[in-house]
Amino acid sequence: MSNAQYEFGMVGLGVMGRNLALNMADHQVAVIGLDLDPVKAAALETEAGEGKPVRGTTSAEEFVQSIRRPRALMLLVPAGRPVDAAIASLLPLLEPGDIIVDGGNSYFPDTDRRVTELAEKGIHFFGMGISGGEKGARFGPSMMPGGNREAYERLRPTFEAVAAKVNGEPCVSYLGNGSAGNYVKMVHNGIEYAIMQLIAETYDLLKRGFDFSDEQLQSIFEQWNQTELQSFLIEITGEILKQKDEFTGKPLVSIISDRARSKGTGKWTSQNAMDLQVPVPSIDMAVLMRDMSKYKEERVAAAKLLPNPTSGAATTASQEELVDQVRHAFYFAMMVTYAQGMAQLRVASEAYNYGLQLQEVAKIWRGGCIIRAVCLEDFRQAYEKDANLPNLLLDPKIGQDLLERQQDTRAILKLAIDKGIPMPAFMASLSYFDAYRSETLPTNLIQAQRDYFGAHTYERIDREGIFHTQWGE
């Protein structure tokens, strides 16, 4: 193809960049890829096959000049300094009106800074969360772009072509101003942390608390994926539990270390929620339990000194009834977790002037992304009925679903407590539910304590104004 005839440019041809470029080529979006590694640049064309409108290069000048104006290019490089380095190297070659999209998990304040800096040079900068992993990038991810609304029209046809589809609708939408896209992806990842923790706690309760085998658990998760729990994370849990270790023949999951790692997006979600004073306890507990997992040697020592209760709680339920109770409890905790994340998005949208439409967020999360689940259609409908819904728990249908499952949730947690099985994300979800539906909370006592020792004042329920008491006098 001749110069300036490529529709899109991809910077960084690692796993995500290469697969997203190949996805574009499959949809006849002419794409040129840039990578400093000549092997990766050459492999792009080879992997695409004959007749696909795709090319790789190691020349930044050739890359930029090959994209039609206004140029649209995406960075898929590690977050942080590599993003700034890539921008600095390309900026002298770009022109006002061109668009740079950061497709990595960048921290949203960094995106806001880049939007401002590049706007001064006439360049549009988008932060876009991409979810779905390697397979999603190749065959259809969920994409969360934020930036200048008018400039998005240059990107929209390409993004809608390559995104996952649900009922024919692409799982991509313009989300809002500035760092809206990166912020939504950050909260997406926080919800992901929490749901993964809930699944792990479910696995632990049934395996360690009730002696279910990995084979039984595999069958349970596989069956659950045909119910209201249908979701990507439940589906892959069933697949994981099938996998045998090539060396020992044992279930592979049973010999994987329990030291969990993380890349920081869950922590960012919790930290920012605290800044905004939005409670997200299920996400907080998921982050904390990954931290707890790192203290392996101390946990081994504590297990010897602090053994589990010898007489765990008895249940009169049959094994089938127990599994149904756990399924209901998981659904309850999962729904409450989503509610926390969506509430954070609502508050953040106001605080940061994003202009988020939560119906659109729920819609584009229905397919392609890691937290895709059948319940997201219920969320989309809830926000379609009431765009200003402050919390999903206030939707009548969702609220009724939770009420019907709360007793099973309480019963399962009682069993876990008596057996010494930690279920902090479940407990946090139930506590959030109970606190949110409490007309009064005991924080009146906390206000009195604060005034007692620090003269911080308090408000009254029977009259207007700010008050202080000389306590004890």
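User: Why is Glu7 called partly exposed?

Analyst: This is a predicted model, so the values are computed. Glu7 has 23% relative accessibility. Buried means under 20%, and exposed means over 50%. Glu7 falls in between, so it counts as partly exposed.

User: What makes Glu7 and Arg68 a salt bridge?

Analyst: Their side chains meet at 2.8 Å, N to O. The cut-off is within 4 Å, so the pair qualifies. The pair links distant parts of the chain, 61 residues apart. Glu7 sits in the segment before strand S1 (8-11). Arg68 sits in the loop between helix H3 (60-65) and strand S4 (72-75).

User: How do you know whether Arg327 is buried or exposed?

Analyst: Its relative accessibility is 15%. Buried means under 20%, so Arg327 counts as buried. Its salt-bridge partner is Asp324, at 3.3 Å, N to O. Asp324 has a relative accessible area of 31%, so it is partly exposed.

User: Why are Asp324 and Arg327 separated by about one helical turn?

Analyst: Because they are 3 residues apart in helix H14 (residues 319-352).

User: What does the salt bridge of Arg410 and Asp434 tie together?

Analyst: The side chains of Arg410 and Asp434 meet at 2.8 Å, N to O. Arg410 lies in helix H17 (residues 396-419) and Asp434 in helix H18 (residues 424-436), so the pair ties together parts 24 residues apart in sequence.

User: How many salt bridges does a search of the whole structure find?

Analyst: The search finds 40.

Notes. Residues numbered from 1 in each chain as written. Predicted model: local features only at pLDDT ≥ 70, side-chain atom pairs only at ≥ 80, totals over all residues. Heavy atoms only, no water. Helix = DSSP H or I, 4+ residues; strand = E, 2+ residues; numbered from the N terminus. Buried < 20%, exposed > 50% of the residue type's maximum accessible area, 1.4 Å probe, protein only.
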